[in-house]
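Please look over the sequence and the model shown below, and then read on for an account of how some of the side chains are packed and linked.

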Amino acid sequence: QVQLVESGGGLVQAGGSLRLSCAASGRVVGINSMGWYRQVPGKQRELVAEITGGQRTNYADSVKGRFTISRDNTKNTVYLQMNSLKSEDTAVYYCVLDTVLSTYWGQGTQVTVSS
């Protein structure tokens, strides 16, 4: 089976930075894309950023210019560099791996931005 292990969440002051990492292990084949979603209580999970195998990226409008997604194909790892963090970025961030076989989700990591 495929497992996703996230790290890098935590508490940061507004204007600060955090870097999230997500490593995929197991039988990882046919990756279409990797990405990050986030969710706050009472709201739907929303796409933050995604990156395809061809390194094409897609960002939510709310994070453009502040967040950068990158990927190390040799390690099946995706990163999310988050700069200029705002209180509204506070959420649980989930890693997602989309393959030709299935879509896999990480357990989530809490990001809290204090104002």
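The largest nonpolar core has 29 residues, and those with the most contacts inside it are Trp36, Leu80, Met82 and Tyr93. A nonpolar core is here a set of buried Ala, Val, Leu, Ile, Met, Phe, Trp, Tyr and Cys residues joined through side-chain atoms within 4.5 Å, where buried means under 20% relative accessible area, exposed means over 50%, and partly exposed lies in between (1.4 Å probe, protein chains only). Two or more residues of this core come from each of strand 3 (18–25), strand 4, strand 5 (46–52), strand 7 (67–72), strand 8 (77–82), strand 9 (91–99) and strand 11 (109–114). Strands are DSSP runs (E, at least two residues), numbered from the N terminus.

This is a predicted model, in which local features need pLDDT of at least 70 and side-chain atom pairs count only at pLDDT 80 or more, while totals for chains, interfaces and linings use all residues. Residues are numbered from 1 along each chain as its sequence is written, and side-chain values use heavy atoms, with hydrogens and water left out.

Leucine 80 has contacts (heavy atoms within 4.5 Å) with several residues beyond four places away in sequence, among them Trp36, Val48, Phe67 and Tyr93. Glutamate 46, found in strand 5, is partly exposed at a relative accessible area of 36%, and its contacts beyond four places in sequence are Trp36, Tyr37 and Arg38.

The structure holds one disulfide, a pair of cysteine sulfur atoms within 2.5 Å. Cysteine 22 and cysteine 95 form this bond with their sulfur atoms 2.1 Å apart, and because cysteine 22 lies in strand 3 and cysteine 95 in strand 9, the pair ties together parts that are 73 residues apart in sequence. Both cysteine 22 and cysteine 95 are buried.

There is also one aromatic pair, formed by tyrosine 37 and tryptophan 105, which are edge-to-face at 5.1 Å centre to centre with 65 degrees between the planes. Rings of Phe, Tyr and Trp (its six-membered ring) pair if their centres lie within 6.5 Å, and planes under 30 degrees apart count as stacked, over 60 as edge-to-face and the rest as tilted. Tyrosine 37 is in strand 4 (residues 31–39) and tryptophan 105 in strand 10 (residues 103–105), 68 residues apart.

In two places a charge sits over a ring, meaning that NZ of Lys or CZ of Arg is within 6 Å of the ring centre and within 35 degrees of the ring normal.

| Charged residue | Ring | Distance from ring centre |
|---|---|---|
| Arginine 19 | Tyrosine 79 | 4.1 Å |
| Arginine 45 | Tyrosine 94 | 3.7 Å |

Note on methods
Helices (H or I, at least four residues) and strands (E, at least two) are DSSP runs, numbered from the N terminus.
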